[in-house]
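Here is a short note for a first look. Please read the points with the model open beside them.

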Amino acid sequence: MNHVARSSGALWLPTAFLLTSMIPSLIFMLFATSSMSAGTTLCDLVWIANAVYNSPAGIRLTTREWRQLGVALLILTLLFIHGMVVDLWFGGVNFGRLTGSCVVLLIVVLGAYVIALRLLAVTPKFLASIAHFAFVVLSILGFSAVAGVPSVSSAYGKSVIVFSEPSHFSFIYLPVLIFTVATTTRGRQLLYLGSGLFLAVALQNLTVLVGILGVSCLILRRTQLLLLLGVLVGAVAVLALDLSYYANRLVLSADSDNLSTLVYLQGWQRAWLNISETGGLGVGFQQFGFVGSLGTVLDKIVQMTRGASLNLYDGGSTGSKLIAELGVVGVALIVLYLLLVVRGVRLIRRAQRLPIAQRDLRRIFFYSFIIAYASELLIRGNGYLSPSCTLVLASLIAVQQLGVADRRLPEPAIGPSLASSPSQT
């Protein structure tokens, strides 16, 4: 797929990258779809179609790419076989949902691969401009929502223009914030993080606030953190906010009457129940809510909402859904992901000791998306088939490709060349 690299310098790439993050949410709001999978699939198909269009002679896969495609198809086959085993053992598997989700997952993986190649083909400076463009636009959207600009749909009480809720906004905002503050001066870091904290407090959303505080701990030194916390206290005082909103969500108890807390707890309770009753096998890909016990916390939610099973299929967090559906394999995938997060944190922390010109912009960019996905995995999930899932898959593919490029280089060239020299176009 070398044609992707040859046509990668297009000026439309920053806009296309940003729209890939926003269009699924926009479709979700305008058409009241059950999830973001429809919009995500559409965006990924556009990326794939663009790659095909830019290859008039047809797509020619390398031996390595054929092997990778074979692995992807094998994984999808195993997911389907896993569902058949679960159905024979417990029953209740929705094979229509299983089959459709496997097809969509393949599209997402192919779309992520095309995106990864596009981003790897541009220079580090152009890659940085993609992130900075997204950061500026998303910051404008966030502060516009705070200023009272109406969203595209009035059906959502705390929407952020094109995002149905602040947590969905944060999934897209946090990775570009991490990259922006990790590749700028200390003064601007404090400015961007301070504005981010103000935005989080003004939007009154715990997921956004935890994300901004996490980014601050990742980037800043101890004294700078204290200064930033002073900004947070000042923002709370200026906005005269009721801190009970956050206090209620921090009390993780099944006795809570806070729906957000209960939604979070029911996902992890069901994950434990499902992995226990299946002996570690899991209930099957995309079968969360169809197979296995639903738990007492969900019963309480149904009672409080007079029949609404909130977050029945996504569990409130992607991590709980992954564990419930894939069992011990899901646990292993989370552990492997967290090891990558640790690697990314170390990379970005070490980069802060280097001059900006010497920082590895490519790896910081891709690890920013990998690190930011932790909030979706562990705090507030949006399902597998979401725009952030596409972008984190693209980042995982890109990091792997960079590792392959390192191994192919002569020993003295490893490191500085990837960090500073533009790629071939």
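**Notes on helix packing and aromatic pairs**

1. The crossing of α6 and α7 is left-handed (the near helix is turned anticlockwise from the far one by less than a right angle). This is a predicted model: local features need pLDDT of at least 70, side-chain atom pairs count only at pLDDT 80 or more, and totals for chains, interfaces and linings use all residues. Residues are numbered from 1 along each chain as its sequence is written, and side-chain values use heavy atoms, with hydrogens and water left out.

2. Helix α6 covers residues 124-146 and helix α7 residues 166-182; their axes come within 9 Å and cross at roughly 130°.

3. Residues in contact (heavy atoms within 4.5 Å) include Phe-135 and Leu-138 in α6, and Phe-169 and Val-176 in α7. The contact of α6 with α7 divides into 11 nonpolar, four polar and no charged residues.

4. The structure holds 17 aromatic pairs (ring centres within 6.5 Å). In one of them, Phe-17 and Phe-369 have centres 5.7 Å apart and planes at 90°, so the pair is edge-to-face (over 60 degrees). Phe-17 lies in helix α2 and Phe-369 in helix α16, so the pair ties together parts 352 residues apart in sequence.

5. Phe-17 counts as buried at 4% relative accessibility (buried means under 20% relative accessible area, with a 1.4 Å probe and protein chains only). Phe-369 is buried too, at 8%.

6. Phe-17, Phe-179, Phe-365, Phe-366 and Phe-369 form one aromatic cluster.

Terms used. Axes fitted to C-alpha atoms, helices over the stretch in contact; angles between N-to-C directions. Helix = DSSP H or I, 4+ residues; strand = E, 2+ residues; numbered from the N terminus. Nonpolar A, V, L, I, M, F, W, Y, C, P; charged D, E, K, R; others polar. Phe/Tyr/Trp six-rings, centres within 6.5 Å; stacked < 30°, edge-to-face > 60°. Buried < 20%, exposed > 50% of the residue type's maximum accessible area, 1.4 Å probe, protein only.
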